[in-house]
Amino acid sequence: MACNLSTIVLILKSYCLLPLVALMSILVNGVLSLDYKQALTNSLLYYEAQRSGQLPAQQRVTWRGDSGLKDGQDAGVDLVGGYYDAGDNVKFGLPMAFTVTLLAWSVVEFGSQLEAQNELQNALAAIKWGTDYFIKAHPQPNLLYAGVGDGDSDHQCWQRPEDMTTPRTVYKIDESSPGSDLAGETSAALAAASIAFQHADPNYSSLLVTHAKQLFDFAKSHPGKYSDSIPSVGQFYSSTGFQDELLWAAAWLQRATGDKIYQDFLESFQGNGGTRSMFSWDDKFVGAQILVAKQILEGKFPSSGNLGANKDEAEQFLCNCIQKGSSNIYKTSGGLLWFNEWNNLQYTISASLAITVYADYLSTMGKSLTCSSSLVNPPELIAFARSQVDYILGANPKSASYMVGYGSNFPQKVHHRGASIVSIKKDPAPVGCKDGFDWFHKDQPNPNVLVGAIVGGPDKNDNYNDDRSDFQQAEAATANSAGLVGVLARIS
């Protein structure tokens, strides 16, 4: 990372709210010399560990093997591929699609930085592993396969994905069992990915747009929540609504195609979500609001009416994140944005991506963010996002990295089936459903390092429990790392 005096001043300003003991810990442990490039490389490696299907010849995470090679067979469709969402062996469509959307957004905004770090091809490969699966899962305009694997039975077992003996149940949404949230998020993922692939593979980009348009139309014409149509996903990834996904998809399609019908939809849609308290796999209003705000900043959308309200709400959320708003997000004494006791770092990272992206939008237009307490310039926004990344990488009261495989003090007992059991490459003997719990209960580090994974993270008091059974803090998920790719690319 190149530093000059002004950069250092801005970085230090982002830590000004930390207590003295935390600041001293940060300075002693050298936050200003964190290796963002290595963290970026690690983040993309993580996705190779989460792959389902037949692994490619260039697979770099070599302790994994092929898995789920019959997925979809019971339904007469090929659903091989995609990602396992977290520490289990289930493919849940909603968080997978959100993951791919954020990965694609990272490439769209920071493709040149990724290329400069020799990571653009790895980022595109991570996206394509997801979009290839979505194309398979969308064989008809109004039919989308929502996932593979039964969460209940999967959670009764502790097995490597290569050894799965649990049912590979297939779930779908269609005209009689709609899911506007799932269809909308998948549309957003494909539309965003189409922009990411515009130069690298124009034909593939065009195919992605076609599927994105069909899924958006499906989501609009057959309203409903996917978790109402598929009740079994409710205890894992229940949806609170679908209006956000409709806006998110329309915003990405507008950017991907320039078609006015999507602007018209955004302009006429009643309900932009107001000022949100988070940006997550279930709540995409912030992302949609920021995409609309970009168009307003560039003079392509009017600043009044529904569109203008989107910009106002996006900026209020960002002000709340950086502690300069009217309803600030809670910040731990160690300096971490804290949203949720369950998997908090997913929310922190998604917010950091939103801050980083908007900072560059403002910078391009020579503008600043107007908060209730002060005017904030783009470099200050970047410095704040950097402070969150630094905390995650070790600049925190525990001097602990919450990225697996980064630094010398990172989580050793990640809640993850494949990582916690001896690699099939080392011991090919099948591990049965219950046999794997012998590995689960071992008070030892995982035999396979899940490099690049971001665990759920510390609690609101900056404490972390490195315990395999603590799935709220010690489980990693694909949605956690996706936004980090973009932020790391930008600050590397």
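This is a short talk on the fold of one chain and on one of its residues, T240.

First, the ground rules. The model is predicted, with local features needing pLDDT of at least 70, side-chain atom pairs counting only at pLDDT 80 or more, and totals for chains, interfaces and linings using all residues. Numbering runs from 1 along each chain as its sequence is written, and side-chain values use heavy atoms, leaving out hydrogens and water.

Now the chain. It holds 20 helices and five strands; these are DSSP runs, H or I of at least four residues for helices and E of at least two for strands, numbered from the N terminus. Along the principal axes, the C-alpha atoms fill a box of roughly 60 × 55 × 35 Å. Of the 492 residues, 63% are buried, meaning under 20% relative accessible area, where exposed is over 50% and partly exposed lies in between, with a 1.4 Å probe and protein chains only. Contacts are heavy atoms within 4.5 Å. Among those with a separation of 6 or more, 73% join residues 24 or more positions apart.

Next, T240. Where does T240 lie? In the loop between α10 (234-237) and α11 (243-257). T240 is exposed, at 65% relative accessible area. Leaving aside residues up to four places away in sequence, T240 touches K225 and D282. With D282 there is a side chain to side chain polar contact at 2.8 Å; the term means a pair of N or O atoms within 3.5 Å, and within protein one must be able to donate a hydrogen and the other to accept it, while residues adjacent in sequence count only if both atoms are side-chain atoms. A251 is eleven residues from T240 along the chain, and their C-alpha atoms are separated by 20 Å.
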